[in-house]
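Student: Please take me through this structure. I would like to know what each term rests on.

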Amino acid sequence: MVTKERIWELMEEVFDPEVPVLTIVDLGVLREISEVDGTWMITITPTYSGCPAMKRIEDDIIEKLAEHGIHDVKVENVLSPAWTTDWLSEPGRRKLKEYGIAPPVDEIDKSVLFADQPIVPCPKCDSKNTKMISQFGSTACKAHYQCQDCQEPFDYFKCLK
Amino acid sequence: MSALFEYLVRLGDDSLILGHRLSEWCGHGPILEEDIAMTNIALDHVGQTTSLLKYAGEVEGKGRTEDDLAFLRFEREYRNVLLVEQANEDFGVTMMRQFLFDAYRKPLYEQLTKSSDVQLAAIAEKSLKETKYHLKHSAEWVIRLGDGTDESHERVQTALNNLWRYTDELFYTDQNDVELLANGVIFSSEELKKSWMEMVKTVLDRATLTIPNNGWQREGGRKGLHSEHLGYILAELQYMQRAYPGMEW
């Protein structure tokens with residue numbers, strides 16, 4: 001018997017193609033699982049509008065469930081409520097740091113144009129003496145930083161609120 | 001044709017054409033970080049285009065997808081403002097064009113999060129978060145270049161002088177908007193212009209740049225009457241779908 005709980009478990013095995021240490025559950029991209037007339041509805045939401053990983057995540061969800069004999073599946077993409085880094089789980093934040101990506105810190109409101117950049121600790125040496133190289137990094141959801149102490153260049157999973 | 005369809009196409013085309021313009025910088029940025037920044041922003045715009053034109057196709061109800069709308073219309077059916085199709089020129093011109101646009105897009109999305117149309121409000125809520133980053137980026141560059149060397153100051157001042165004539169069109173309203181305004185789907189463009197002007201003045205002031213005194217303004221994009229640039233953009237943008245109809249990869 002396939003249950004909602006079982007599907008949530010299986011979703012813990014679907015990884016984000018761009019940050020492969022995170023599952024879609026860690027990331028908060030998976031919003032809801034429900035059953036309508038025998039069809040499993042999986043609701044996901046994009047991190048950024050143009051996130052090229054969404055199609056891949058959709059395919060991976062369908063593939064993962066098919067591996068376990070679940071074929072009646074529909075993946076739905078919703079925009080509201082809009083994804084925020086607050087949905088990134090605690091284990092997700094820990095895994096990011098271990099992987100070398102600084103997790104989002106509580107950040108200033110970006111509408112305050114001239115405010116200081118947030119202090120992002122280095123994921124390698126924990127130094128707070130880091131500087132932003134660019135607001136835009138290797139993917140839409142990351143910024144590029146460098147540690148001024150250990151010199152490590154690193155990605156910062158930037159805050160989206 | 002429904003007013004909402006027309007409105008969504010206007011917003012969608014702004015993002016589509018600006019996203020395309022920014023993508024032209026791929027591999028040509030002045031430094032690697034800016035190359036990546038501009039293509040990231042381009043990607044956000046293409047993503048917003050997807051949301052807006054997809055919804056436009058649904059509202060229209062003729063089975064057109066976001067791809068059909070993006071790739072298979074003719075020049076006069078595009079509704080983007082003239083500002084976004086203007087040439088990239090140098091990095092300063094691109095950043096000035098971006099700033100003038102971002103300073104409009106952010107308060108526009110802020111308004112639209114309160115739209116009575118639930119899907120439009122959802123798209124605005126999503127896109128607003130991205131647009132805040134875009135505005136921060138372009139505003140900082142306008143300040144850095146304006147208040148930089150004599151050379152950079154002169155270049156961005158010239159860019160401002162040349163692009164200013166396209167800014168009134170950002171607040172263009174016509175018959176199409178009447179019903180949408182009455183139903184609370186969209187909101188006053190006067191309010192929008194006030195927020196825009198406030199932002200523009202603050203940033204230009206810090207950048208030691210001067211708003212040109214010339215009152216001459218151009219419009220036409222919202223009615224499908226474009227500058228010579230759009231044809232060239234579409235030739236590149238549509239090439240694949242025109243040469244190999246329906247191709248996918």
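**Terms and values**

Student: What share of the 249 residues in chain B is called buried, and what makes a residue buried?
Tutor: Buried residues make up 57% of the 249 residues in chain B. Buried means under 20% relative accessible area, exposed over 50% and partly exposed in between, with a 1.4 Å probe and protein chains only. This is a predicted model, in which local features need pLDDT of at least 70 and side-chain atom pairs count only at pLDDT 80 or more, while totals for chains, interfaces and linings use all residues. Residues are numbered from 1 along each chain as its sequence is written, chains are lettered from A and ligands numbered from 1 in the order in which they are written, and side-chain values use heavy atoms, without hydrogens and water.

Student: How many helices and strands does chain B have?
Tutor: Chain B has 10 helices and zero strands. Helices are DSSP runs of H or I with at least four residues, and strands are runs of E with at least two.

Student: Why is chain B called as compact as a globular protein of that length?
Tutor: The radius of gyration of chain B is 18 Å, close to the 18 Å from the globule rule for 249 residues, so the description holds. The radius is taken over C-alpha atoms, and the rule is 2.2 Å times the number of residues to the power 0.38.

Student: Which residues are in contact between the chains, by number?
Tutor: The contact takes 32 residues from chain B and 32 residues from chain A, where contact means heavy atoms within 4.5 Å.

Student: How much area do chain B and chain A bury between them?
Tutor: About 2700 Å², with 63% of it on carbon and sulfur atoms. Buried area is the accessible area (1.4 Å probe) that two parts lose on being put together, summed over both.
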